[in-house]
Amino acid sequence: MTSDDDPTVPIICSACETTTRVPLPEVAEAVERHNESVHDGESIAEVDPAVVDRLADLVADDMGLLDDPE
Ligand SMILES: [Zn+2]
């Protein structure tokens, strides 16, 4: 079953001055790929700090870590 409302996460690159929204499952790979291909592996691009807290909630919620409804 797939959903059409996968959360997307903004990745900000201060060097490129770009913001790219990618689906949550692809965030880590997208950040790594950008830094590898554009910045020689330097960790410049990152998830928008403003959503990191929300992201943690989303991930925790998605994985059922916050609570365990029976
Ligand atoms: Zn960049």
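In the hairpin formed by strand 1 and strand 2, where 4 residues lie between the strands, glutamate 17 adopts a positive phi near 55 degrees. The model described here is predicted. This report begins with the overall layout and the confidence, then turns to the sheet, the helices, the core and some individual residues.

### Overall layout and confidence

The protein chain contains 2 helices and 3 strands, and along the sequence these elements follow the pattern β-β-α-β-α. Of the 70 residues in the protein chain, 9% count as buried. Among the contacts with a separation of 6 or more, 33% involve residues 24 or more positions apart.

The average pLDDT of the protein chain is 84, and 76% of the residues score at least 70. Confidence is highest in helix 1, at a mean of 96, and lowest in helix 2, at 75. Where pLDDT is low, the predicted coordinates should not be read in detail.

The 3 strands make an open sheet in the order 2-1-3, with antiparallel pairing. Strand 2 (18-23) and strand 3 (46-47) are the edge strands, each pairing on one side only. Strands of a sheet pair through backbone hydrogen bonds, either parallel or antiparallel.

Strand 1 (residues 8-13) runs antiparallel to strand 3 and is joined to it by 2 bridges. Between strand 1 and strand 2, which also run antiparallel, there are 6 bridges. Cysteine 13 stands opposite threonine 18 in strand 2.

How many of the 6 residues of strand 2 are buried? The number is 0, so strand 2 lies largely in the open.

Helix 1 (residues 27-38) lies across strand 1, strand 2 and strand 3, and runs at about 20 degrees to strand 1. The largest nonpolar core has 5 residues in all, namely Val9, Ile11, Val27, Val31 and Ala45. Strand 1 and helix 1 are the elements that give two or more residues to this core. In soluble globular proteins, nonpolar side chains tend to be buried together.

Is valine 27 buried or exposed? Valine 27 is buried because 21 other C-beta atoms lie within 10 Å, and 20 or more are required for that class. Apart from its neighbours within four places in sequence, valine 27 is in contact with Val9, Ile11, Val22 and Val47. Valine 27 and isoleucine 11 are 16 residues apart along the chain, yet their C-alpha atoms are separated by 7.6 Å.

### Helix 2 and arginine 54

Arginine 54 has its place in helix 2 (residues 49-62). Arginine 54 counts as exposed because it has 12 C-beta neighbours inside 10 Å, and a residue with 12 or fewer is exposed. Its C-alpha atom is separated by 9.9 Å from that of valine 9, a residue 45 positions away along the chain. Valine 9 is itself one of the members of the largest nonpolar core. The mean confidence of helix 2 is 75, the lowest in the protein chain.

Most residues other than glycine have a negative phi, and most peptide bonds are trans. Glutamate 17 has a positive phi near 55 degrees without being a glycine, and aspartate 40, also not a glycine, has a positive phi of about 55 degrees. Glutamate 17 lies in the loop between strand 1 and strand 2, whereas aspartate 40 is placed in the loop between helix 1 and strand 3. Glutamate 17 is exposed, and aspartate 40 is exposed as well.

The table sets out the neighbour counts of the residues discussed above.

| Residue | Other C-beta atoms within 10 Å | Class |
|---|---|---|
| Valine 27 | 21 C-beta atoms | buried |
| Aspartate 40 | 8 C-beta atoms | exposed |
| Glutamate 17 | 7 C-beta atoms | exposed |

Note on methods: Residues are numbered from 1 along each chain as its sequence is written. This is a predicted model: local features need pLDDT of at least 70, side-chain atom pairs count only at pLDDT 80 or more; totals for chains, interfaces and linings use all residues. Two strands pair if DSSP finds at least two bridges between them. Two residues are in contact if their C-beta atoms, placed from the backbone, lie within 7 Å. Axes are lines fitted to C-alpha atoms, for helices over the stretch in contact, and angles run from 0 to 180 degrees between N-to-C directions. A nonpolar core is a set of buried Ala, Val, Leu, Ile, Met, Phe, Trp, Tyr and Cys residues joined through C-beta atoms within 7 Å. pLDDT is the predictor's confidence in each residue, from 0 to 100.
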